[in-house]
Amino acid sequence: MEASFETLIASYIQNNVGIATDFLSVALCEHLAANILALEANELLQQAGIGNDNKLQQNAMVRRDTIYWLDKKHNNIHEDAFFAKIDAFVLYLNQSCCAGITDYEFHYSLYETGDFYKKHLDQFKDNASRQFSMISYLNPGWETQHGGELQIYQTDANQTISPTQGKMVFFKSDQLEHEVLVTHARRMSVT
């Protein structure tokens, strides 16, 4: 068992938001960030949308990041290392908490200066299959003045989470509204 798995689960149980500051290694974060920049250079990132299936739409007043869906078929050594870490976490979570997770999807997300994602839930209104949200941050040297925090809205108190390199955030997709505040520096993650 990895200590970061237990940290993520324990903080989730305590606060409805799991946070592990060292979930991904610095080296893996650097490789995944390099992948995002290569995808951007090759114009393979797509404008992110809101909604699903036939309801998918781009709305720059709500969301301004660009994304690229990860797939094990890509056979990318660094994405495979990320998937191996996620597979190990899901196995641990299912065994220790009976979570029943059988599948997942992840995408790269790139926010440029001025980008944001307004308050929302991650679970679609007409499809309850997305149960948990996980965000892995890839940003070295992130400082307060860079903005781009994840703002999570809870009844007791809102939570503001800085997108620092290696950090993983985990929460229920249908329960916690959240947003990405305006970023003042390039911000990268795997979501």
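Select tyrosine 137 to begin: not counting residues up to four places away in sequence, this side chain's residue touches Cys29, Leu150, Ser162, Pro163, Thr164, Gln165, Gly166, Lys167, Val169, Arg187, Met188 and Ser189, where contact means heavy atoms within 4.5 Å. Tyrosine 137 lies in strand 6. Strands (E, at least two residues) and helices (H or I, at least four) are DSSP runs, numbered from the N terminus. With a relative accessible area of 0%, tyrosine 137 is buried; buried means under 20% relative accessible area, exposed over 50%, and partly exposed in between, with a 1.4 Å probe and protein chains only. To set a distance across the model, pick the C-alpha atoms of tyrosine 137 and lysine 73: these residues are 64 apart along the chain, and the atoms are separated by 23 Å.

The model on display is predicted, with local features requiring pLDDT of at least 70, side-chain atom pairs counting only at pLDDT 80 or more, and totals for chains, interfaces and linings using all residues. Residues are numbered from 1 along each chain as its sequence is written, and side-chain values use heavy atoms, with hydrogens and water left out.

**The whole chain**

Zoom out and colour by secondary structure. The protein has 3 helices and 11 strands, and from the N terminus on its elements run α-β-α-β-β-α-β-β-β-β-β-β-β-β. The radius of gyration is 16 Å, close to the 16 Å that the globule rule gives for 191 residues, so the protein is as compact as a globular protein of that length. That radius is taken over C-alpha atoms, and the globule rule is 2.2 Å times the number of residues to the power 0.38. Along the principal axes, the C-alpha atoms fill a box of roughly 40 × 40 × 40 Å.

Of the 191 residues, 46% count as buried. Among contacts between residues at least 6 apart in sequence, 74% join residues at least 24 apart.

Next, colour by charge. There are 14 positive and 24 negative side chains, and the centres of the two sets lie 5 Å apart. Lys and Arg count as positive and Asp and Glu as negative, while His and the chain ends are not counted; each charge is placed at NZ of Lys, CZ of Arg, CG of Asp or CD of Glu.

**Helix 3**

Select residues 77–97. Helix 3 has 21 residues and reaches 30 Å from its first C-alpha to its last, close to the 30 Å expected at 1.5 Å a residue; the expected span is 1.5 Å times one less than the number of residues. Show the side chains of Glu79, Phe82, Phe83, Lys85, Ile86, Phe89, Val90, Tyr92 and Leu93, which are buried. An α-helix has 3.6 residues a turn, so residues three or four places apart point the same way. The cover over the buried residues of helix 3 includes helix 1 (3–15), helix 2 (26–41), strand 4 (107–111), strand 6 (132–137), strand 9 (168–172) and strand 11 (187–190).

Move on to cysteine 98, in the loop between helix 3 and strand 4. Cysteine 98 counts as exposed, at 67% relative accessibility. Its C-alpha atom is separated by 15 Å from that of aspartate 87, 11 residues apart along the chain.

**Two asparagines with positive phi**

Asparagine 75 sits in the loop between strand 3 (66–69) and helix 3. Its phi is near 50°, a positive value in a residue other than glycine, and at 61% relative accessibility asparagine 75 counts as exposed. Then select asparagine 16, in the loop between helix 1 and strand 1 (18–20). Phi of asparagine 16 is near 65°, again positive in a residue other than glycine; at 37% relative accessibility, asparagine 16 counts as partly exposed.

**Two stops that share Phe116**

Select methionine 61, in the loop between strand 2 (46–47) and strand 3. Methionine 61 counts as exposed at 62% relative accessibility. Leaving aside neighbours within four places in sequence, methionine 61 is in contact with Phe116 and Lys118. The C-alpha atoms of methionine 61 and phenylalanine 116 are separated by 9.0 Å, with the residues 55 apart along the chain.

Finish at valine 180, in strand 10 (residues 178–180). Valine 180 counts as buried, at 6% relative accessibility. Beyond neighbours within four places in sequence, valine 180 is in contact with Tyr111, Phe116, Tyr117, Gly148, Glu149 and Arg187. Valine 180 and glycine 148 are 32 residues apart in sequence and 5.9 Å apart in space, C-alpha to C-alpha.
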